[in-house]
Amino acid sequence: MHACHPVALAQDFLPTPPQSPPPPGFSPPPPGFSPPPPGFSLPPPDFSPPPPDFSPPPPNVDEDPESEFTDASGRYYRTYHSLLNDHKDLHKVIDATQLGNVPWQCLSVQYAGECPENDQSLWMGKDYEVWYRDPRVMAHNMLANTTYKGEIDYAPFREYDSSDNTCRWKDFMSGDWAWQQADEISKDPNTHGSMFVPIILGSDKTTVSVGTGNNEYYPLYASIGNVHNNVKYAHDDLFRLFRRQLFHCSLSAILSTLKPVMTKYEVLRCADSHFRHIIFGLGPYIADYEEQLVLSCTVKNWCPKCLAHRGDLDGGSNLPRTQEHTDLLVSEHIDSDTLWHEFGIISVLIPFTNDFPRADIHKLISFDLLHQLVKGAFKDHLVDWVLKYLKLTHGTKRGEEIMSDIDHRIAAVASFTGLRRFPDSRGFKQWMGNDSKALMKVFLSAIEGHVPQDMVCAFRALLEFCYIARRDVITEASLVQLNDALTRFHHYRKIFETTGTVPHFSLPRQHSMTHYADMIRLFGAPNGLCSSITESKHIKAVKEPWRWSNKHNALGQMLLTNQRLDKLTASHLDFAARGMLVGSVLSRAVATLKQKRARTVMELADEVNVPHLRRLIRYFLFSQLHPNDPRSPKDVPAASCPRHDGRLYVFNSAAATFYAPSDPSGIGSMRREQIRACPLWRNVAARNDCVFVNANPDLEGMRGLEVARVKCFFSFKFNWVTYPCALVQWFDKVGNCADKDTGMWIVRPTVHDDGTPNFAIIHIDTIYHAAHLIPVYGPNFIADNIEYFHSYDAFRSFYINKFADHHAFEIVS
């Protein structure tokens with residue numbers, strides 16, 4: 001059920017204002033056009049393609065014709081040289097384009113405080129340039145972008161599960177914060193009924209070249225919250241304060257054009273072509289912990305969201321930190337040292353949100369899955385603590401040997417779609433966010449047997465917290481699971497303190513986990529507010545433009561590159577809307593190299609080393625032709641089973657398409673996944689993926705699924721019917737529930753009484769999803785010669801890796 005805010009929709013679907021300009025992409029009628037008289041009927045539309053127009057170009061074309069000729073039917077042809085001679089001509093065309101044109105503006109700032117008479121620092125007399133584009137104009141473009149039609153929420157809403165009437169949180173506008181802002185706006189008669197558009201900001205310092213001068217840039221990104229998630233010396237201290245206040249002053253100046261329309265509405269055209277009263281407001285700010293401190297003017301090691309003391313961040317319930325409370329303390333003339341040490345407040349700084357209505361920076365700071373959970377609590381804390389524990393317990397040499405075996409276990413994990421491998425261990429000079437995310441998927445089973453069970457349970461609790469928080473839709477039941485995982489994490493992490501690995505747990509990134517449930521209620525699912533969004537933008541907005549520059553005064557070249565890319569994107573959308581991109585400009589010849597595979601049953605039996613393949617095909621055909629027969633095909637006389645001796649066609653992979661909104665699946669949230677069964681993968685070794693097979697649709701989760709390994713995909717025709725199928729090797733579940741420490745189910749290959757593998761042929765429609773298995777390594781070191789492609793053959797039991805991706809987590813949990 002979907003309940004929209006009752007007031008925010010009051011001015012929906014406004015008539016077009018008089019004399020308003022045509023919307024982007026609108027083509028005016030030709031001169032002399034008049035509407036048809038009443039009663040006039042148009043002929044049925046003709047969908048046949050128009051005849052080609054071979055008329056010569058207009059005479060004002062400056063280029064000389066390359067050739068002229070007339071064909072047999074008398075039609076005249078003239079071909080021209082390219083109108084673009086080189087890249088300079090192309091750049092001129094792009095620069096002249098008005099679509100997507102939001103020009104850059106410059107703000108120059110200089111230090112205006114007291115300067116010492118002697119030994120004045122150079123930075124005090126330096127001009128600092130801040131380049132930006134008008135956020136109000138950019139917000140206008142986002143609202144009017146027809147690409148977002150159907151992907152924008154025009155009012156805050158609350159979503160309920162129809163089965164039990166519990167609340168659900170997904171996109172940003174489903175959170176309580178947007179609803180509360182709409183309530184505030186509706187109290188003013190001048191803005192009553194206006195559409196609320198929150199401006200979501202994100203910033204993240206990035207380095208483009210460490211080796212050539214440590215060039216650092218500080219990009220600021222902006223979006224609107226209405227778009228769905230699937231579419232972020234002594235002079236040293238003085239200089240540090242100056243940089244922080246420069247940051248706040250720059251933000252205030254950049255956003256100043258939005259301030260008038262935060263209290264008085266303006267009428268704008270939206271993606272669905274309707275006009276609405278629009279009120280803007282500052283929304284959540286996406287930033288990592290260091291930038292959260294700068295934004296909130298908070299001292300390091302304190303929480304920017306609550307008043308918990310830095311010495312015991314998780315000690316009991318803590319009051320929320322608010323700007324109103326900070327202003328009250330400052331107004332009481334409490335000295336700055338006391339505010340610093342007792343409250344974690346930097347009183348000499350003023351946050352930029354003080355210049356805007358309905359804005360409190362402490363409330364607007366959002367969660368950060370990447371830096372708080374993935375890089376912080378998981379990689380920088382727990383993973384590093386394991387190495388420290390091993391060295392403390394076993395000594396440096398033995399600890400490094402155990403860690404080397406853990407690395408070898410990680411490298412020996414079988415391939416899986418979307419899984420990052422670590423063939424050379426974890427010894428990176430620079431860890432990226434994707435590296436940490438990939439390590440999360442395989443680290444738990446790799447340490448099991450080398451560390452105490454409480455450490456394994458601590459990792460499991462943290463991973464489950466992360467995967468629940470990264471769901472696309474979060475329900476009240478999900479919040480209960482989230483808090484349960486947090487409670488278990490706090491309980492089991494004590495093993496690191498009792499073993500002397502860490503002295504305390506007053507860690508801001510881990511402490512932030514206590515605020516997630518409340519922030520989900522305010523801002524919706526965390527997927528839409530994560531610094532991984534802003535980090536991914538660095539590549540296109542900063543790193544690549546810097547590489548394309550000549551490295552001399554690169555900033556101006558980077559800004560121009562960004563503006564040209566925006567114009568090209570806007571032009572592409574406009575061309576597509578006009579039907580100009582239908583078909584192909586260039587003819588392409590694609591050569592597909594096909595590996596020769598078996599074409600008969602006997603050939604395939606030899607290829608996959610399954611001599612009784614013919615009998616398995618007969619069993620398969622019997623089950624397909626007699627689905628209601630209660631007998632097992634193995635109990636049916638061979639003469640009664642259908643027989644196929646004709647041709648068959650073998651394939652190296654099959655595609656599974658499924659709804660997976662938490663994965664990087666784009667608009668629509670559909671994901672296409674390749675399941676591979678090929679004799680040679682990347683010229684190294686065979687690859688045979690594992691799958692979940694539907695066994696009993698009436699049972700939930702793993703109780704209704706079986707696990708199998710695909711030996712090959714093939715199809716054949718029998719009585720003019722095509723049967724796409726797979727030859728699989730079955731796995732048996734060990735026990736009737738998941739392992740209590742790791743939370744993962746354990747399976748092992750099924751064998752007959754004589755020790756031969758249990759093969760079967762199944763219809764491809766029974767395959768539900770790819771499965772990833774990780775060996776149960778146990779306490780012993782694994783052999784040095786084991787590679788990742790040996791994984792499924794070298795071990796006897798396996799964990800079903802529920803952390804392989806978000807879809808697997810939902811299936812197996």
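Mentor: Let us start with a term: contact means heavy atoms within 4.5 Å. Please bear in mind throughout that this is a predicted model.

Trainee: Against which helices do the buried residues of H6 pack?

Mentor: In helix H6, residues 323-331, the buried residues are Gln 323, Thr 326 and Leu 329. Seen down the axis of H6, these residues fall within an arc of 125 degrees, so they line one face of the helix. The buried residues of H6 pack against helix H7 (336-343) and helix H8 (361-364).

Trainee: Which residue with a positive phi follows H6?

Mentor: The phi in question is near 60 degrees. The residue that follows H6 with this positive value is His 333.

Trainee: How many residues apart are Arg 493 and Asp 314?

Mentor: Arg 493 forms a salt bridge with Asp 314, with the closest N and O atoms 3.0 Å apart. The pair links distant parts of the chain: Arg 493 lies in the loop between helix H14 (476-492) and helix H15 (494-498), and Asp 314 in the loop between helix H5 (289-296) and H6.

Trainee: What separates Glu 401 and Arg 398 in helix H10?

Mentor: The side chains of Glu 401 and Arg 398 meet in a salt bridge, at 3.2 Å from N to O. Glu 401 is partly exposed at 34% relative accessible area, and Arg 398 is partly exposed at 40%. An α-helix has 3.6 residues a turn, so residues three or four places apart point the same way. Because Glu 401 and Arg 398 are three residues apart in helix H10 (residues 396-411), the separation is about one helical turn.

Trainee: In which helix are Arg 521 and Asp 518 three residues apart?

Mentor: Arg 521 forms a salt bridge with Asp 518, the closest N and O atoms being 3.7 Å apart. Arg 521 is partly exposed at 32% relative accessibility, and Asp 518 is partly exposed at 48%. The two residues are separated by about one helical turn, in helix H17 (residues 516-523).

Trainee: How many salt bridges are there by this rule?

Mentor: The rule asks for a side-chain nitrogen of Lys or Arg within 4 Å of a carboxyl oxygen of Asp or Glu. Arg 460, Glu 464, Asp 484, Arg 488 and Lys 802 are linked in a network of such bridges. The count of salt bridges comes to 27.

Trainee: Which strands stand at the edges of the open sheet?

Mentor: Four strands form this open sheet, in the order S11-S8-S13-S12, with mixed pairing. Each edge strand has a single partner strand, so one side of each is left without a neighbour in the sheet; these are strand S11 (220-224) and strand S12 (266-269).

Trainee: Which helix packs on the sheet?

Mentor: Within the sheet, strand S8 (residues 195-203) and strand S13 (residues 275-286) pair in the parallel sense over seven bridges. Phe 196 stands opposite Ile 279 in S13. The helix that packs on the sheet touches S8, S11, S12 and S13, and its direction makes about 45 degrees with that of S12; this is helix H2 (residues 135-144).

Conventions. Residues numbered from 1 in each chain as written. Predicted model: local features only at pLDDT ≥ 70, side-chain atom pairs only at ≥ 80, totals over all residues. Heavy atoms only, no water. Buried < 20%, exposed > 50% of the residue type's maximum accessible area, 1.4 Å probe, protein only. Arc of directions from axis to C-beta. Pairing = 2+ DSSP bridges. Axes fitted to C-alpha atoms, helices over the stretch in contact; angles between N-to-C directions.
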